[in-house]
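I am opening a notebook page on a structure that is new to me, and I will write down what I look up in the order in which I look it up.

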Amino acid sequence: MIDFVRKFSAEAGTIREIRSRLSEPMGLVEQELSRLFHEDELLLGKVFRPLKRHVGKRLRPLLVLLSAECFTSDLSRAVKVAACAEMVHTATLIHDDVVDRSNLRRGMATLNSTWGNKVAVLAGDSVFTKALDLLVDQQSFRLLKSMTYMFTEMANGEILQILNYYNADVTMEDYIQRIKRKTALFLAYCCEAGAVLAGASEEEIEALKEYGLKMGLAFQVADDLLDFIGDESKVGKPVCSDLREGNVTLPVIHALQTSAGEEIRQIIEADEITGDDIKTILALLEREKSLEYAYEVAENYVKEAIAALDILEPSQAKKDLVKVAWYALHRQY
Ligand code: IPE
Ligand code: IPE
Ligand code: MG
Ligand code: MG
């Protein structure tokens, strides 16, 4: 395990330079977000305030901006849709934490842990519809349609995940389909939106969607790896929590197919997974090189994502998208 963790974090990527290069449009995205999160009513303000203060990686807005920047220097429309994407993301995280019964997000208490599930579900709805409003203003039926498609897929992907809790028969294909729906299609949407707003050709839009999809698959595999090997203080959310909830992710699916399979199956099918069970499973994942396996799967997706950009003209934005793809895998939170 130690060797693997070293390898994983030694290459820890950063997208700091991209952020500073895009500081101007990202500043406008932040302005838009703080306007949308603003609530005049004192009590509502208390609920929404933490969303303003504790920000995440802002990956989705960056993807919208970079995808647009591949084709235009006018990012004014992309800024609005970038803010919309981050709002939609925030809404999904609020709901996801209810579903996952999680009490920590971005290093702070989740809305469900502070205010309870009722308020959290409704707050997620409120943030989501504000986000949609921003998209409606763009008057792009294409982007609205893609958004509703993506969001339905995401919700259905999450439902499928729940229906497959504690299922030791789940296959790699099931897993990939599930993470495509719950995570990768959203990242593909961000890339599509940037390209559409910038007036890219259909071929170029398809290339960016493919990039987003493959990068998104790598991103979720990495997230599932971080759940096993991440440092809670860096990740800002509880670690080793997927299995505890019954969520069988790629490393475990791999190990189920090895000589450790029977032992792991028994633990999973017992329907309650304790802290000691997690330790046992982690040792088996190490023995069977299942974390390395998942890493390699993600690495292949990163390479496929980058290859999808081949048809684009060279540009700084294109170079940055390549960096972002590696970052999706090598990030530490
Ligand atoms: C978390 O997304 C949800 C997943 C799809 C894994 P991010 O890792 O982008 O979350 P923030 O916005 O940086 O907190
Ligand atoms: C992301 O999956 C699901 C979403 C669609 C938001 P996770 O449940 O693994 O995300 P984290 O780990 O809570 O951020
Ligand atoms: Mg979760
Ligand atoms: Mg996770």
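Which residues are around ligand 1? I kept in mind from the start that this is a predicted model. Around ligand 1 I found Gly 56, Lys 57, Leu 59, His 89, Arg 106, Thr 183, Gln 220 and Asp 223. Sorting this shell by class, I counted one nonpolar residue, four polar ones and three charged ones.

**Entry on ligand 2**

I then asked which residues are around ligand 2. The list I noted is Thr 92, Leu 93, Asp 96, Asp 100, Ser 102, Met 154, Glu 158, Lys 182, Thr 183, Asp 223 and Lys 237. By class, the shell around ligand 2 holds six charged residues, three polar and two nonpolar. Looking for the elements behind this list, I saw that H6, helix H9 (141-163) and helix H10 (172-197) each give at least two residues to the shell, and that the largest share, three residues, is supplied by H6.

**Entry on the whole chain**

I stepped back to the protein chain, in which I found 17 helices and two strands. Its radius of gyration is 20 Å, close to the 20 Å that the globule rule gives for 333 residues, so I recorded the chain as being as compact as a globular protein of that length. Along the principal axes, the C-alpha trace spans about 55 × 50 × 30 Å.

**Entry on H6 and its partners**

How do the axes of H5 and H6 cross? Helix H5 (residues 59-69) and helix H6 (residues 76-99) have axes that come within 8 Å and cross at roughly 155 degrees; angles over 145 degrees count as roughly antiparallel, and H5 and H6 are therefore roughly antiparallel to each other. The crossing in which H5 passes H6 is right-handed. On the H5 side the contact is made by Arg 60, Pro 61, Val 64, Leu 65 and Ala 68, and on the H6 side by Ala 78, Val 81, Ala 82, Ala 83, Ala 85, Glu 86 and His 89. In this contact of H5 with H6 I noted nine nonpolar residues, one polar and two charged.

With helix H8 (residues 117-136), H6 packs at an angle of about 165 degrees, and the two axes are 8 Å apart. H6 and H8 are therefore also roughly antiparallel to each other, but here H6 passes its partner H8 in a left-handed crossing. Among the H6 residues in this contact are Val 81, Cys 84, Met 87, Val 88 and Ile 94, which meet a set in H8 including Val 121, Val 127, Phe 128, Leu 134 and Leu 135. The contact of H6 with H8 divides into 16 nonpolar, four polar and two charged residues.

**Entry on H16 and H17**

Lastly I looked up helix H16 (residues 290-308) and helix H17 (residues 316-330), whose axes lie 9 Å apart at an angle of about 170 degrees. H16 and H17 are therefore roughly antiparallel to each other, and their crossing is right-handed. Ala 298, Glu 299, Val 302, Ala 305 and Ile 306 of H16 make the contact with Val 322, Ala 325, Trp 326, Ala 328 and Leu 329 of H17. By class, I recorded nine nonpolar residues, no polar ones and one charged in the contact of H16 with H17.

How values were computed. Residues numbered from 1 in each chain as written. Chains lettered and ligands numbered in written order. Predicted model: local features only at pLDDT ≥ 70, side-chain atom pairs only at ≥ 80, totals over all residues. Axes fitted to C-alpha atoms, helices over the stretch in contact; angles between N-to-C directions. Helix = DSSP H or I, 4+ residues; strand = E, 2+ residues; numbered from the N terminus. Parallel < 35°, antiparallel > 145°, perpendicular 65-115°, else oblique. Left-handed = near helix turned anticlockwise from the far one by under 90°. Contact = placed C-beta atoms within 7 Å. Nonpolar A, V, L, I, M, F, W, Y, C, P; charged D, E, K, R; others polar. Near = placed C-beta within 6 Å. Rg over C-alpha atoms; globule rule 2.2 N^0.38 Å.
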